[in-house]
Structures are given as C-alpha cells and as structure tokens.
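Visitor: I have the model open and some questions about how the pieces pack. Can we go through them one at a time?

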Amino acid sequence: MKKVIHIVGARPNFMKVAPIHRAISARTSLQQLVIHTGQHYDAKMSDVFFADLGLPPPEIHLGIGSGSHAEQTAKMMVEMERVFLKEKPDLVSVVGDVNSTIAAALVTSKLAIPLSHVEAGLRSFERHQPEEINRVVTDRLSDLLLTPSRDADANLLKEGIDPKYIHLVGNVMIDSLLSSKEKADQLPTLKTLGLTPKGYVVATLHRPSNVDNPKLLAGLLGVLMDVAKELPVVFPVHPRTRKMIAEQGLGPKLEQTPGLKLVDPMGYLEFLSVTSQAKLVMTDSGGLQEETTALNVPCLTMREQTERPITVEVGSNEVVGTDPARIREAANRVLSGDFKKGRVPELWDGRTGERIADLYSRFLGVEVKRAFG
Ligand code: UD1
C-alpha cells in the first residue's frame, strides 16, 4: 500500500491538512500518517484545531517546540529523517510556509522521496521574511507544486519551474472554512463577548516584522486603541505578541482601553464565528486575508506587501502598510461603509482537498475510488 506522510507543525497548517486527509480517506486506498513537529505546542495553538477540524490526532509527535530558526529547523530535520527512514513514505505532503514546512522539504528531497507542496508559488518578494525563504526553498525542491491561484502559477513559471510540475488546485484552507461555517455559526461566541453582528472589529498581529519592533508595535496597538473608541475591537493575542506587549510594558494601557477586548488565541470554530460577522478585520496574517476574502468581510492588511495579491485584486482585502495614520484613514473609510465589494476567486470552492487526493492517487499510480463528489 502506498503511503503519504503529512507534516503539520504550526497553527496555520491544521486547516490545510484536514481537508486533504479527509479526501484521501474517502476517495483513495492510500495509507496516510500525520506527523506533528511540535512547532506550536500550546493547547490553544494546536490541540483545539484537531478537535475543531475533525482531524485525527497525529500518529507521530516530534515535540520540538520553540527555538531560534536554525535550532528549531535543525531539530525537526534530525527527527524527521529518523521517522522517514523507518516509515518509508512514497510521498511527503507539506503545506504553507512555516519552519516545519522547509524542514520537511529539505529532509524529504535529500532522501529522494517525492515532495508535494500545497500552497506553492506565493511570493511577497520580501527576502528578509522567514516565510518567504521557506516558500522559495520548498518550491524549488518540490515534485508537485499545488497552487491556490493563477498568480502563484505565474510566479513559479517566472522562476523557471517546468509547468508539468505545477497544478492549480485552488485554496484548500477554504475547504475547511466552508465545511465548518455552519457549526461556527451556532456557537454563542458573540453573545459571550457582548458583541452584535457587524458591530465590531477583529484584530490580529503576530508577524515578527511588526511585533518584534517596539516602535512599530506601539504604533499598531495605538491604532487599535483608537478604533476601539468607535467600535469594540476583539484582539486574540498570539503568544509572540503577548510576550512583546509584556516586555514593552504596554499591557496595562491596553487592558484599560474601553472597547478593546484582549483575549487568548481562539480555536478554529470560535475564531470563524467572530471573523465571519465582523464589520472589519485588521491583521498581518496571511491566512486571514484569504478567509476574509472567502467570507466577503473587509480586511485591512497591516503589512507593506502581500504574497496573496488575489485577495486584493479579486477579494475584500486592502494592503495598508504599517503607518498608523494611513491605517486609521482606511479603517474610518470601512467603518463609514465605504469599501469595495469583493468576489471569491476561482477554485476556492470547498473541493480542493478532493482535487489533491485525486492528484496524489494518479501520481502514485493508485486508482481513485471516488467515494463522493
Ligand atoms: C509561526 C510561523 C508563521 C505563522 C505563525 C502562525 C515560522 C517561521 N513562522 O510564527 O509563519 O504565521 O506561526 O501562528 O514558521 N509560542 C508559544 N506557544 C506556542 C508556540 C509559540 O508560546 O505554542 C511562542 C514562543 O515564545 C515562540 C514564539 O511564540 O518562541 C514564536 O513561535 P514560532 O513558532 O517560532 O513562530 P510564530 O511567531 O508562531
């Protein structure tokens, strides 16, 4: 029996692997194993997502944890090599752009095991970002490059990648969103937080380039405090950001701002229940730019660039940079009802997991059972 190994490690990986795993079980006779590197380990950054997404617990947990980039990536590589040599997978499937992704890509390709990268071809063209390095290297090493949108295909072709390796499959994260929406809508999260539909803003911040820079962080938090004067702002705080807020002594000021609700990181369903009914989302996350596009909720991205331009060209996203005055102006515009209407991009249709399962079957010479769809 042919074997596929999926690698997960950090929060944005789980919602991408769950639909692929489900479709492989339903449609193919492939054997599959999930390896969790342990890059994210807090229950709120990891365990809750397995439960929310119906993804079975990982068969293998490497327990790596945090560290410098070299330390974390190297530890993951040593452990993965050991597991791959024992398990002998026929294909390793990686998603996204986190350190777990690049670690798996390096080990897989050096062991001459076929490698598939889901979410290939995205580029911010900012080489100082760790995620951009992870994307470029992983794509270079992959045998299957599965892209979410045509701009990603174009980036890969420009880098000289043979078109025969590139497959436009759509956005797998949107499979999770569409299949979870009904369940999320039934949660009492808004009530618990004292919010009303379209009567609040959701904010997230976690990029090192924003939160590890004290001046920038203070400016961005200042905008959130300002916006909170007009509408309540729900701000689930990432552990990296919480640490920086504490180091900079900004906690008390934030906690005392009426309307600004600092909360712990939320589970997948809980977070979807708040984003889907928000008046506005303000973020520096990659995934959230896509989720708001799928939900047609206005999104302001507090970064200089996006690796997901389709969310701006087609969807409901606007890249507003990190200058507080510019962000404030854009937020005012949205809150006064002046914002573009987005559309949902091609193939963000909830069936990307199925397309990937079929592709893996064909690649490995295994018949597709087509149990559904
Ligand atoms: C990682 C990804 C980033 C992704 C983000 C989503 C890389 C290079 N970065 O960034 O692309 O958008 O995940 O969340 O892979 N920590 C905890 N508990 C945890 C995990 C982390 O407290 O469960 C703290 C630790 O202090 C750690 C810090 O957060 O040092 C950063 O974690 P790390 O995994 O290195 O990077 P993220 O900022 O989470």
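Visitor: How do α10 and α16 lie relative to each other, roughly parallel or roughly perpendicular?
Guide: Roughly parallel. This is a predicted model, and in it the axes of α10 (residues 214–227) and α16 cross at roughly 30°. Angles under 35 degrees count as roughly parallel, so the pair falls in that class.

Visitor: And within what distance do the axes come?
Guide: The axes of α10 and α16 come within 10 Å. The crossing of α10 past α16 is right-handed.

Visitor: Which residues make the contact?
Guide: From α10, Gly219, Leu220, Val223, Asp226 and Val227 take part. The α16 side supplies Pro324, Ile327, Arg328, Ala331 and Leu335.

Visitor: How many of those are nonpolar, polar and charged?
Guide: The contact of α10 with α16 has seven nonpolar residues, one polar and two charged.

Visitor: Next, the open sheet. What is the strand order?
Guide: The order is β10-β9-β8-β11-β12-β13, six strands with parallel pairing. At the edges are β10 (260–263) and β13 (317–319), each of which pairs on one side only. On average, neighbouring strands of this sheet are turned by 20° against each other, ignoring direction.

Visitor: Which of these strands does α16 touch?
Guide: Helix α16 (residues 324–335) packs on the sheet and touches β8, β11 (280–283), β12 (299–301) and β13. The direction of α16 makes about 165° with that of β11.

Visitor: How many bridges join β8 to β9?
Guide: Two bridges, between β8 (residues 201–203) and β9 (residues 233–236), and the two strands run parallel. Opposite Val201 stands Val233 in β9.

Visitor: Changing topic: Arg303. Where is it, and is it buried or exposed?
Guide: Arg303 lies in the loop between β12 and α15. The residue is buried, because its relative accessible area is 4%, and the cut-off for buried is under 20%.

Visitor: What does Arg303 touch?
Guide: Leaving aside residues up to four places away in sequence, Arg303 touches Gln129, Arg207, Asn210, Asp284, Ser285, Gly286, Gln289, Val319, Val320, Gly321 and Thr322.

Visitor: What about Val78, buried or exposed?
Guide: Val78 is exposed, because its relative accessible area is 54% and the threshold for exposed is over 50%. Val78 sits in helix α3 (residues 69–87). The C-alpha atoms of Val78 and Lys243 are separated by 29 Å, and the two residues are 165 apart along the chain.

Visitor: Staying with α3, how does it cross α4?
Guide: The axes of α3 and α4 (residues 99–110) come within 9 Å and cross at roughly 45°. That angle makes α3 oblique to α4. The crossing of α3 past α4 is right-handed.

Visitor: Which residues are in that contact?
Guide: On α3 they are His69, Gln72, Thr73, Met76, Met77, Met80, Glu81 and Phe84. On α4 they are Asn99, Ser100, Ile102, Ala103, Ala104, Leu106, Val107 and Thr108. By class, the contact of α3 with α4 has nine nonpolar residues, six polar and one charged.

Visitor: Now β1. How many of its residues are buried?
Guide: Six of the six residues in β1 (residues 3–8) are buried. Lys3, Ile5 and Ile7 are on one side, with Val4, His6 and Val8 on the other.

Visitor: Which strand do six bridges join β1 to?
Guide: Strand β2 (residues 31–36), which runs parallel to β1. Val8 stands opposite His36 in β2.

Visitor: And β5, which residues point which way?
Guide: In β5 (residues 115–118), Leu115 and His117 point one way, Ser116 and Val118 point the other, and all are buried. Strand β4 (residues 91–95) pairs with β5 in the parallel sense over four bridges. Val95 is opposite Val118 in β5.

Visitor: Last one, α6. Which of its residues are buried?
Guide: In α6 (residues 150–158), the buried residues are Asp151, Ala152, Asp153, Asn155 and Leu156. They pack against α5 (130–141), β6 (144–147), β7 (166–168) and α15 (310–313).

How values were computed. Residues are numbered from 1 along each chain as its sequence is written. This is a predicted model: local features need pLDDT of at least 70, side-chain atom pairs count only at pLDDT 80 or more; totals for chains, interfaces and linings use all residues. Side-chain values use heavy atoms; hydrogens and water are left out. Buried means under 20% relative accessible area, exposed over 50%, partly exposed in between (1.4 Å probe, protein chains only). Contact means heavy atoms within 4.5 Å. Two strands pair if DSSP finds at least two bridges between them. Axes are lines fitted to C-alpha atoms, for helices over the stretch in contact, and angles run from 0 to 180 degrees between N-to-C directions. Angles under 35 degrees count as roughly parallel, over 145 as roughly antiparallel, 65 to 115 as roughly perpendicular and the rest as oblique. A crossing is left-handed if the near helix is turned anticlockwise from the far one by less than a right angle, and right-handed if clockwise. Ala, Val, Leu, Ile, Met, Phe, Trp, Tyr, Cys and Pro count as nonpolar, Asp, Glu, Lys and Arg as charged, and the others, Gly among them, as polar.
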